[in-house]
Each structure stands twice: as structure tokens, then as C-alpha cells.
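Biologist: Please bring up the model so that we can go through it together.

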Amino acid sequence: MPNNPHSDTFAYFSPLLPWQGQAWTQVTHQFYADKLPHALLASGAVGIGKRAFVWRFVAWLLCENRGGQGACETCASCTWLKAGTHPDLMVLPAGSMLGAEMATDNHIKIDDVRALQDYSHVKGHGVRLIVLDNADTLTLGASNALLKTLEEPRHGVHLLLISDSPSRLLPTIKSRVQALPLTHIDRSVALDYLQVHLSPEYQAHASMLLNLADGAVLLACELPQKPWFAQRGLWVKTLNALRKGTRPPIVACDYWQTLIPLDEFVALSRLMFADVVRVYLGLPSLHDDLNVAELLQDTAPIALDNVEQFVAVLDDVAVSLGQNVQDKLAYEMLMTQMARL
């Protein structure tokens with residue numbers, strides 16, 4: 001079985017990521033001292049490995065032969081985990097369970113929390129665990145219902161909350177959970193990891209990838225495989241052509257629709273637009289494999305008002321991605337705005 005920390009398929013038994021030693025020592029020592037908090041929060045940017053940590057810790061807590069570094073993989077509990085049938089583990093939303101099919105709705109609703117409360121009262125084999133993935137998607141009603149569970153903890157029941165956007169969690173919830181120290185990743189440790197896990201052609205660009213990923217190491221590993229990654233230079237050329245009027249927005253729209261999906265174009269636009277602004281301000285580009293300054297040398301800097309307007313349009317399109325808005329219309333909006341920069 002593969003032990004790939006980038007994949008959730010076998011994350012229960014993946015090696016501990018090099019920057020997670022402090023967090024692992026903390027929670028395992030708390031468990032052995034019978035001081036493990038009722039609720040833990042694993043939060044931070046996408047790509048820091050927080051889900052890999054949570055699933056690994058889940059397996060360790062439930063394992064019948066737990067060692068210092070992880071679950072055994074062979075006991076009855078580990079076998080149940082692999083099969084997705086462990087009676088002492090509840091995951092919300094259900095689509096977040098490892099091996100489950102991706103659900104279209106990943107919000108946690110009040111009925112889910114009521115089921116959680118019923119589940120927490122059932123006697124288990126030992127430790128009972130409840131994982132709330134994307135905990136920041138809790139509806140207001142679900143958040144208030146969850147508070148009751150947090151305020152009245154049951155012995156042996158532990159909640160593990162995962163959030164990419166902890167600022168969206170109610171302050172009353174955050175005050176009742178212990179945040180895991182997962183966000184600080186030493187740059188030298190991150191670069192060493194990338195040198196091992198990047199394909200040879202990208203190892204020389206490890207520092208660039210880490211910067212583009214804002215320090216999220218696992219995301220940095222994945223960037224070269226993103227559909228938009230190879231289109232960064234083309235994006236700058238398209239921006240130039242639109243601003244000069246040598247390419248109409250509708251033509252650019254039709255062309256880009258054939259290249260990458262809208263959500264990928266939005267991600268690319270955020271990344272490259274920020275870099276374009278850096279270059280116009282006289283700062284070095286973050287892309288060491290592209291000469292962004294040369295691509296922009298015959299275009300005028302973008303006015304601050306236009307910067308704000310384009311960012312607002314990007315935000316509007318990002319929101320529309322989950323609202324069944326036609327991609328063509330959104331693409332046209334973006335290309336039109338880029339032509340006005």
C-alpha cells in the first residue's frame with residue numbers, strides 16, 4: 001500500500017510530515033497523561049498537511065497496538081479503518097471520510113450535529129472520535145448546537161475539527177478547542193522536503209514554488225501539476241494584448257475556455273495579477289522561470305483603482321463558481337475587465 005502524504009487514500013498510515021513533530025509530541029503526551037482535550041482544531045492554509053496529521057492521529061488513537069510513531073496497520077481497529085467501517089469513528093460531512101465518494105454538499109448542518117450528539121452518547125470500545133472536516137462550513141444553527149457538545153464533554157469522546165478558514169468559525173467555538181501547532185513550517189525543512197518530493201526538473205525551482213504556495217509545502221509539491229501552471233506566461237501575454245486592444249475580449253474568452261476550467265483561470269489570475277503589480281512597483285517577480293518584467297516592458301503600469309476593480313471582479317467570479325453561473329459569461333467578464341486595466 002502506498003504511503004503518500006499527498007494522498008488521503010492511506011493517510012491513516014502515512015509517515016509523519018517533518019514539520020509536525022511538535023504537534024505529534026504534544027497530543028500523544030497529552031493522551032498518555034489523560035489530558036487530551038475534548039476538542040482539537042487543525043487549521044491553516046490548504047497544503048500544510050493538517051488533514052494528513054488528523055487522519056494519522058485518528059488511526060493512532062483507535063489502534064489496539066499503538067506505538068510511538070503511529071498505528072500498527074494490522075490490528076482489528078486498523079482493519080476497520082481501511083474498510084471505512086470503524087464503529088468508533090464518525091466523520092462529518094460523510095463525504096470527507098477517507099475512501100468515501102466526494103459529496104456535492106460538504107456543509108455541516110444542524111441535523112448532522114444532532115446526529116453527532118446522539119453518537120457521542122453511545123458507549124464504544126474505548127476512545128470515540130468525531131472528525132468535523134471543513135468545520136468553517138457549519139451553519140449558524142449547527143454552530144450553536146455544536147457549542148452544547150463542546151460545553152458538556154463526555155469522557156472518552158474527542159472532536160477533531162479541521163478548517164482551511166478558521167476566521168469563519170464562531171469565536172465561542174474557537175475558545176473551546178485547542179489549536180494544534182501545525183501552521184509554522186521552518187523554511188529550511190520545507191525546502192529539504194521539496195528537494196526529495198519534487199520531480200527533478202522542478203527541484204531547482206523549489207524556493208519559487210514554496211513562495212507561490214505561500215509556504216504551504218504540500219501545495220508547492222502539487223503546483224507544477226496544476227492545469228494553469230504551464231499557462232502563466234500566456235496569461236501575461238493575454239493581459240498585454242487585451243490592454244493594447246490587439247485581441248478582443250470575446251476572442252480571448254473563447255480561446256481560454258479551451259485551455260483550462262474557469263476555477264483554474266481564477267486561481268491563475270490571482271497569482272499572476274499579484275506578480276504583475278509587484279513588477280510594476282519595481283519589486284522582483286516571484287517566477288524565476290519566467291521573465292515577467294520583460295513581458296511587461298512595453299506596457300504602462302496599472303492604475304490603483306483598476307487594481308481594486310479587477311480584484312473585486314475576481315472575487316465575484318470566485319463566488320459565482322458555486323452558483324451555476326455559465327463559465328462563458330464569467331470568462332467574458334474577466335477578459336473585459338482585463339482589457340480595461
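Biologist: Which residues of α14 are buried?

Modeller: The model is predicted: local features need pLDDT of at least 70, side-chain atom pairs count only at pLDDT 80 or more, and totals for chains, interfaces and linings use all residues. Residues are numbered from 1 along each chain as its sequence is written, and side-chain values use heavy atoms, with hydrogens and water left out. Helices are DSSP runs of H or I with at least four residues, strands are runs of E with at least two, and both are numbered from the N terminus; buried means under 20% relative accessible area, exposed over 50% and partly exposed in between, with a 1.4 Å probe and protein chains only. In α14 the buried residues are N306, V307, F310, V313, L314, V317 and S320.

Biologist: Within what arc do the buried residues of α14 fall?

Modeller: An α-helix has 3.6 residues a turn, so residues three or four places apart point the same way. The arc is taken from the directions from the helix axis to the C-beta atoms. The buried residues of α14 line one face of the helix, because seen down its axis they fall within an arc of 150°.

Biologist: Which exposed residues does the face of α14 turned away from its buried side carry?

Modeller: The buried residues of α14 pack against α10 (232-244), α12 (262-280) and α15 (327-339), where contact means heavy atoms within 4.5 Å. The face turned away from that buried side carries the exposed residues L304 and V319.

Biologist: Which helices are included in what covers the buried residues of α11?

Modeller: In α11 (residues 249-257) the buried residues are A252, C253 and W256. They fall within an arc of 105° seen down the axis of α11, so they line one face of the helix. What covers them includes α10, α12 and α15.

Biologist: What separates the C-alpha atoms of F273 and F310?

Modeller: F273 lies in helix α12 and is buried, with a relative accessible area of 4%. Leaving aside neighbours within four places in sequence, F273 is in contact with W235, I302, V307, F310, V311 and L341. F273 and F310 are 37 residues apart along the chain, and their C-alpha atoms are separated by 9.0 Å.

Biologist: Which residues lie nearest the centre of the largest pocket?

Modeller: A pocket is an open set of points on a 1 Å grid over the protein atoms alone, with protein on both sides within 12 Å along at least five of seven lines, and lining residues have an atom within 4 Å of a point. About 840 Å³ of space lies in the largest pocket, and α12 gives the most to its lining, with 4 residues. Of the 21 lining residues, those nearest the centre are V46, D164, S165, R168 and A267.

Biologist: What share of the 341 residues of the chain counts as buried?

Modeller: The chain has 15 helices and 5 strands, and its C-alpha atoms fill a box of roughly 70 × 45 × 35 Å along the principal axes. Among contacts between residues at least 6 apart in sequence, 72% join residues at least 24 apart. The buried share of the 341 residues is 48%.

Terms used: On a 1 Å grid over the protein atoms alone, a cavity is a set of points where a 1.4 Å probe fits but cannot get out, and a pocket is an open set with protein on both sides within 12 Å along at least five of seven lines; lining residues have an atom within 4 Å of a point. Grid points are joined across faces, edges and corners, and a volume is the space filled by probe spheres set on the points.
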